[in-house]
Amino acid sequence: MFRFLAVLTAASMVGMQGYTMLFNNFAVETVHLEGFQVGLTQSIREIPGFLALTAIYVMLIVREHRLAALSVVLLGVGVAMTGLFPSFSGVALTTLLMSFGFHYYETVNQSLTLQYFSTHQSPLVMGKLRSLAAITSIVAAAVIWCLGFVLDYAGMFLVVGGVVALAGLWASVQDPSHRDVPPQKLRMFLKRRYWLYYALTFMSGARRQIYMVFSMFLLVKVFHFSVQAITVLFIINNLINWLINPLIGRSINAFGERTLCTLEYAGVIVVFLTYAYASSKWVVAGMYILDYILFNFAVAIRTYFQKIADPEDIAPSSAVGFTINHIAAVFLPALGGYLWMLDYRIPFLLGAVLGGVSLILAQFIRLPDSPAAKVVA
């Protein structure tokens, strides 16, 4: 299962990172989108995340690991097609397609990780997978850097998407499942005792939209970073995360989820306030790197849930959690795009407020005295 998830996680990260690295420059230079259109496109991108709970019903006819593989194929196809339709409607359509693949995979990836690895091992596995994804992304960024000198945007999207789709096709003929894993409840439900997990997941999704949509757009639109400069930032980010992601996993075991979440949200407040008021492109670039590091601390929410959840609740609650994570994502990018047109600082001030609310919620994290570890097959 680890090898299976490692290949698909690396592939999905290549697809999403490649799309993200190219999208803003493609949107500004080729499609000529404005802030509101960029925000609206990102809202469209998050609709599949909002619909992630439908993965539960797909699992009634497609086995969970097979759904993971097919989702990565869909992600690759969507990315490959992006550059072929240089219009707002074309970008919206291909974004929706690749987003269904990415969000379905992330839902199933989280579920499989929490099912197949114990409460002690899951933070370490998540750290290793994120580290692997980071080093893979460095290679992908270097390739995109080189391709940028010989291919147009359509060609670069096609190459990145094709590689991702091939990885998904490989995984579609693998079977890493094990009979000893507890059967999952394939229906949707909410439990009152999971309220804090739901709340933290919602706030994390809202904060993530500010980071993903407007931080990079700030670099391109306000500080005029080129696609090569953005690529360099991605390489730096992923090199740092390759080194620290395993440490994040070990830190969760050593210090607990509440400490990690507190550090993350305090840092988020500082980052977004700096985005709003900094005038130096180097300071903003530094905050972008720090923001990227803090983004990885979100695994603490998942491991917190694993420690309080019933084993048979993992798959359905992961799907419901992804939907909750994307409730704000459906409207916040479009709203942020409108606010950007009034003053580009407003979305980042909103992000600082979201960080403050998350910081308060994190103080309510409590774990069972003796969390039951799941048996690793």
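The secondary structure of this predicted model comes to 15 helices and zero strands, where helices (H or I, at least four residues) and strands (E, at least two) are DSSP runs numbered from the N terminus. Local features need pLDDT of at least 70 and side-chain atom pairs count only at pLDDT 80 or more, while totals for chains, interfaces and linings use all residues. Residues are numbered from 1 along each chain as its sequence is written, and side-chain values use heavy atoms, with hydrogens and water left out.

Consider next the overall form. The C-alpha atoms fill a box of roughly 50 × 45 × 35 Å along the principal axes.

Of the 377 residues, 60% count as buried, meaning under 20% relative accessible area with a 1.4 Å probe, protein chains only. Contacts (heavy atoms within 4.5 Å) with a separation of 6 or more come, in 88% of cases, from residues 24 or more positions apart.

Helix H11, residues 281–295, has 15 residues and reaches 21 Å from its first C-alpha to its last, close to the expected 21 Å, a span calculated as 1.5 Å times one less than its number of residues. Its buried residues include Val284, Met287, Tyr288, Asp291 and Leu294. The buried residues of H11 pack against helices H1 (2–29), H8 (195–221), H9 (227–255) and H10 (257–277).

Definitions and conventions:
Buried means under 20% relative accessible area, exposed over 50%, partly exposed in between (1.4 Å probe, protein chains only).
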